[in-house]
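These are my notebook entries on one protein chain. I set down what I looked up, entry by entry.

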Amino acid sequence: MSNQLKLLLYIIFIAGIFYFLQNKFDLFDISFVEEGKISDIFKSDKGEANIEGTLRDMEISLEDGKTVNLRVEIADSPEERALGLSHRTYLGDYEGMYFVFEQNTNSSFWMKDMLIPLDLIFVDENGFVVDIKEGLQPCTDICPSIFSGTTYRYVLEVNSGFCSFNGVKIGNGVQVNLK
């Protein structure tokens, strides 16, 4: 057998092992998706597709001049904001939900029906972080209201620990491609 054929078989063997381990143990944050089924990824466990067509790129500017890039789902209707990330079992490391309000507000949030802990980043109408609530845990019974210390126009929900890991602080700039 030629060396090239041996190499090809070896690569196929390694890829097969990798594929098996990924499917069995979900080791890496990757998945194989058939074309046209991408919207199914964003359905909650209850089957609601609440973000179809609303993924946007976001950039958070840090104090040291660096940026953090992520993909966000836009929740800009009362129904989308009420559902939020409820019933989700997974949120990628650099993914989130961006709540868009028509005007400045100080509405409360809560963790009802949440299955994953979150950080909430409150953003003013000029695109600056005005408050951060970190390490918010899901609740099952009576859920406390979560308020910002100031009015805001937008709220970014990300995985718990995101802010401390990436150095996100009050005063950082936030830019979203909402077009």
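Entry 1: I looked up D57 and found a relative accessible area of 42%. I note here that the model is a predicted one. Which residue forms a salt bridge with D57? It is R71, and the closest N and O atoms of the pair are 2.8 Å apart. R71 belongs to strand β2 and D57 to strand β1, so the pair ties together parts that are 14 residues apart in sequence. R71 is also partly exposed, because its relative accessibility is 36%.

**Entry 2: Further salt bridges.** I recorded six salt bridges in the structure. One of them joins the side chains of E73 and R88, at 2.9 Å from N to O. E73 lies in strand β2, whereas R88 lies in the loop between α2 and β3, so this pair ties together parts that are 15 residues apart in sequence. Are E73 and R88 buried or exposed? I found both E73 and R88 to be buried. I also looked up K133, which forms a salt bridge with D131; their closest N and O atoms are 3.4 Å apart. K133 is partly exposed, with a relative accessible area of 25%. D131 has a relative accessible area of 10% and is therefore buried, as that value is under 20%.

**Entry 3: The chain in outline.** I counted three helices and seven strands in the chain. Along the sequence, I read the pattern α-β-β-α-β-β-β-β-α-β. The chain has 179 residues, and 39% of them are buried.

**Entry 4: The sheet.** In what order do the seven strands of the open sheet lie? I wrote the order down as β5-β4-β6-β3-β2-β1-β7, and the pairing is mixed. At the edges are β5 (129-136) and β7 (173-176), each of which pairs on one side only. Neighbouring strands of the sheet are turned against each other by 30° on average, with direction ignored.

I then followed some of the strand pairs.
- Strand β1 (residues 55-61) and strand β2 (residues 67-75) run antiparallel and are joined by seven bridges. M58 has L70 in β2 as its bridge partner.
- Strand β2 pairs with strand β3 (residues 95-105) in the parallel sense, over five bridges. Here I found V72 opposite G96 in β3.
- Strand β3 and strand β6 (residues 152-159) run antiparallel, with five bridges between them. F99 has V155 in β6 as its bridge partner.

**Entry 5: Cysteines.** A disulfide is a covalent bond between the sulfur atoms of two cysteines. How many disulfides does the count come to? The count comes to one disulfide. C139 and C143 form it, with their sulfur atoms 1.8 Å apart. The pair meets the rule because that distance is within 2.5 Å. I noted an angle of 100° about the S-S bond, and the link of C139 and C143 is right-handed. Both C139 and C143 are buried. I also looked up C163, which counts as buried because its relative accessibility is 1%.

**Entry 6: A nonpolar patch.** Which residues form a nonpolar patch on the surface? I listed L7, Y10, I11, F13, I14, I17, F20, L21 and F25, which together have about 900 Å² of accessible area. I took I14 as an example and located it in helix α1 (residues 3-25). I14 is partly exposed, with a relative accessible area of 39%.

**Entry 7: Positive phi values.** I looked up H87, a residue other than glycine, and found its phi to be positive, near 70°. H87 sits in the loop between α2 (78-83) and β3. Its relative accessible area is 14%, so H87 is buried. D113 is likewise a residue other than glycine with a positive phi, near 65°. Where is D113 found? I located D113 in the loop between β3 and β4 (118-123). D113 is partly exposed, with a relative accessible area of 33%.

Note on methods. Residues numbered from 1 in each chain as written. Predicted model: local features only at pLDDT ≥ 70, side-chain atom pairs only at ≥ 80, totals over all residues. Heavy atoms only, no water. Pairing = 2+ DSSP bridges. Helix = DSSP H or I, 4+ residues; strand = E, 2+ residues; numbered from the N terminus. Axes fitted to C-alpha atoms, helices over the stretch in contact; angles between N-to-C directions. Buried < 20%, exposed > 50% of the residue type's maximum accessible area, 1.4 Å probe, protein only. Patch = residues over 30% accessible without salt bridge, like charges linked within 9 Å, V, L, I, M, F, W, Y side chains within 5 Å. Areas by Shrake-Rupley, 256 points an atom, 1.4 Å probe, with all protein chains shown as cover. Salt bridge = Lys/Arg side-chain N within 4 Å of Asp/Glu carboxyl O.
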